[in-house]
Number of protein chains: 2
Amino acid sequence: MTLQTRQTMQLSIPEGMIDLGVGQPSVSLLPLEIIKQAADHRLKQADPSFLAYGKESGCGCFRAVLAEFLTDGYQIPVDADDLFITCGATNSLDLICTFFARPGDTIFVEEPTYFLALRIFQARLLNVVSIPADENGLIIEALEEQLTHHSPAFVYSIPTFHNPSGATLPADRREKLVRLGEKHQFFIVADEVYQLLAYTSSPPPPMMAFDRQGTVLSVSSFTKILAPGLRLGWIQASPKLISRLTQSGLLASSGGLNPFTSAMVRSVIELGLLGKHLDFLKNTYTERARALSNALHEYLSDIFQFREPEGGFFIWGHLQGKIDTEHIRQQALKHQVHFQPGHRFSATESLKNHLRLSFSYYDAEALEEGVRRLKAVITGC
Amino acid sequence: MTLQTRQTMQLSIPEGMIDLGVGQPSVSLLPLEIIKQAADHRLKQADPSFLAYGKESGCGCFRAVLAEFLTDGYQIPVDADDLFITCGATNSLDLICTFFARPGDTIFVEEPTYFLALRIFQARLLNVVSIPADENGLIIEALEEQLTHHSPAFVYSIPTFHNPSGATLPADRREKLVRLGEKHQFFIVADEVYQLLAYTSSPPPPMMAFDRQGTVLSVSSFTKILAPGLRLGWIQASPKLISRLTQSGLLASSGGLNPFTSAMVRSVIELGLLGKHLDFLKNTYTERARALSNALHEYLSDIFQFREPEGGFFIWGHLQGKIDTEHIRQQALKHQVHFQPGHRFSATESLKNHLRLSFSYYDAEALEEGVRRLKAVITGC
């Protein structure tokens, strides 16, 4: 076994590189001490039930404390019976593709959209149609226009602190989107993993607040608010939709998707550690967002137009003129800096002059140095 | 939230019922103390890397210790680069259905086969064709005959201590099966979760021992040898096949499937606790298998013909005459006893006079009482 194959982590950034493409928390933000306290708390109790096959929707006691946490965080009532525990947002999207669409079905995504979600839809053989978005997210009139051509199984939207655009869908658009879903019988799959990561503005309530007839499936996870390696997330939806998942053939043999980790995270919440950690993350990311924004203003203001970050992990913008950021990306690698080029976030290979920068992985100093290197690349291209 | 929805476990056996249909370890066999020691060991180290997105194939250090454990247990060399870590056998089968078959493809299963695997194949829209098995498992000539009618994407086989039949495929049939896969270009998906649970006989080496051209995918898990709630398993296959999984769109966003739990189980193995627990389980299940067999001989020998258990979790047999065990099952519920009726293990709704009894969940006394109740039901029907 080679050294490379022995590695633990997905990420492998070459020495010296500043990769502003990485939408992950830095290693220093991983909550080892919190997990230790939670494991101590859970494992000293004499109850081994979380080592058995778990209830299909997830442990009831865990869903109860999660519902309470979300009720507080979302500022709307969240019912434990509306929660289905998964192995994270990817797993949630995979299940939704399986049980709320069929191979060959059409689905709608925003343009831009989360590039790796496109790969999940591709793996599940779905036909993706892009709907334009503006600075307030999905353009409802553009969606209505496409509904005259297609009958989508669902619309995949990232309504709050969008990845990559940072846009947040206002309440009136949320309302219209859900009403259109009711009228045209498609589901709204809301990827809301950044809902609780608000820094300088308060987003509208999550999509479930607008659900009246059970057409919304809200996907979220502990990846961004606790730790990616836990592979723990949830789908929030009406019990009727949840039952499609709990009764599925994919759960019949194995039961609940992650009972052991759920038990640990149950203790994280019960000990009050999740709220504290989230506050810590929000403070850290607020500083990092400001540092990246300041550096962009200082070094790239004349050529890079971007939206000020209000939450989430990203800054999205575009270079003036007919510049292909994929070309710049290849140059950037030689200057030890990296980012995500715009075309990756387009299902139609557009957005070529856009790029996405993340402020989650590096501290202020590294972010500034990254932008300096970026300037050297762009002005040198 | 109702009391029922608060439950942790999948299983909910009514008070007083002896459910011999349950193919799970009893709660008393769940290794809480082992998990506690492992968590202490792992979490006191200053390395939080398992809380980040994990390497797609699974943490390299974990795969290295697992490979060592399996090399010892299987008595054949197992290479860490042939291992891909999953969330258990169900997750493994789901991934295999996705990346080694396409919706609408035909696959072959044994008759009988594991009934809940049929539900996974159904969820993935595969066309299932049954191949007869005898007391030595899959009948190779019957498979060859079906190959003149179909081109299966894969053959799903449970070669060792079969669920439900208990049969073990002899080495010569394993050899022939793999050679046929090479010739006719289908994969062998070997569900080998009972390979390490041998009580009174030693099975041939697992299917990978017969692999020459990368046509075998071996599925196994910690569910039967440690704890179901961990949702941790693996696929063993040649690196070329593993790369289909690691490069898939379903892993691009989230990385490795269960890094946190892998880190805990890595410590279980490093501390030597997995081998000890497996010995304990084998002793326990050997006793329970004997107790169930003895009770069947004592109470039902004249009407129930069954195969002596040599490993695994189950006794499979049939009632004499044209008896439908589904009918008996419904009567049995009134007598506070339950089992799995034969038709569930048939993709063609056959095997109606068969039934499966499990000895994993109850101790000797309860197993004997269950058989007494069964006698009352059968002789009363």
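Me: Which residues is B:Ser262 in contact with, leaving aside neighbours within four places in sequence?
Reply: B:Ser262 is in contact with B:Phe62, B:Ile85 and B:Leu232, its neighbours within four places in sequence being left aside; contact means heavy atoms within 4.5 Å. This is a predicted model, in which local features need pLDDT of at least 70, side-chain atom pairs count only at pLDDT 80 or more, and totals for chains, interfaces and linings use all residues. Residues are numbered from 1 along each chain as its sequence is written, chains are lettered from A and ligands numbered from 1 in the order in which they are written, and side-chain values use heavy atoms, with hydrogens and water left out.

Me: Is B:Ser262 buried or exposed?
Reply: B:Ser262 has a relative accessible area of 3% and is therefore buried (buried is under 20% relative accessible area, exposed over 50%, partly exposed in between, with a 1.4 Å probe and protein chains only).

Me: And where is B:Ser262 found?
Reply: In helix α9 of chain B. Helices (H or I, at least four residues) and strands (E, at least two) are DSSP runs, numbered from the N terminus.

Me: At what angle do the axes of α2 and α9 of chain B cross?
Reply: The axes of α2(B), residues 60-74, and α9(B), residues 259-270, cross at roughly 40 degrees and come within 9 Å. Axes are lines fitted to C-alpha atoms, for helices over the stretch in contact, and angles run from 0 to 180 degrees between N-to-C directions. The two helices α2(B) and α9(B) are therefore oblique to each other; angles under 35 degrees count as roughly parallel, over 145 as roughly antiparallel, 65 to 115 as roughly perpendicular and the rest as oblique.

Me: Which residues of α2(B) and α9(B) meet?
Reply: From α2(B), B:Cys61, B:Phe62, B:Val65, B:Leu66 and B:Phe69 meet B:Ser262, B:Val265, B:Arg266, B:Ile269 and B:Glu270 of α9(B). By class, this contact has seven nonpolar, one polar and two charged residues (Ala, Val, Leu, Ile, Met, Phe, Trp, Tyr, Cys and Pro count as nonpolar, Asp, Glu, Lys and Arg as charged, and the others, Gly among them, as polar).

Me: What about α1(B) and α9(B): how are they oriented to each other?
Reply: The axes of α1(B), residues 32-43, and α9(B) cross at roughly 105 degrees and come within 8 Å. The helices α1(B) and α9(B) are therefore roughly perpendicular to each other. Among the α1(B) residues that meet α9(B) are B:Ile34, B:Ala38 and B:Leu43, and the α9(B) residues include B:Ala263, B:Met264 and B:Val268. This contact divides into eight nonpolar, two polar and three charged residues.

Me: Changing topic, what does the side chain of B:Ser92 make a polar contact with?
Reply: With the side chain of B:Thr86, at 2.8 Å. A polar contact is a pair of N or O atoms within 3.5 Å; within protein, one must be able to donate a hydrogen and the other to accept it, and residues adjacent in sequence count only if both atoms are side-chain atoms. B:Ser92 is in helix α3 (residues 89-99) of chain B and counts as buried at 0% relative accessibility.

Me: Which residues does B:Ser92 touch, not counting those up to four places away in sequence?
Reply: B:Thr86, B:Val219, B:Trp234 and B:Ile235 are touched by B:Ser92 on that count.

Me: In chain A, where does A:Met207 lie?
Reply: A:Met207 lies in the loop between β7 (187-191) and β8 (216-221) of chain A. At 0% relative accessibility, A:Met207 counts as buried. Its contacts beyond four places in sequence include A:Pro159, A:Arg174, A:Ile188 and A:Val216.
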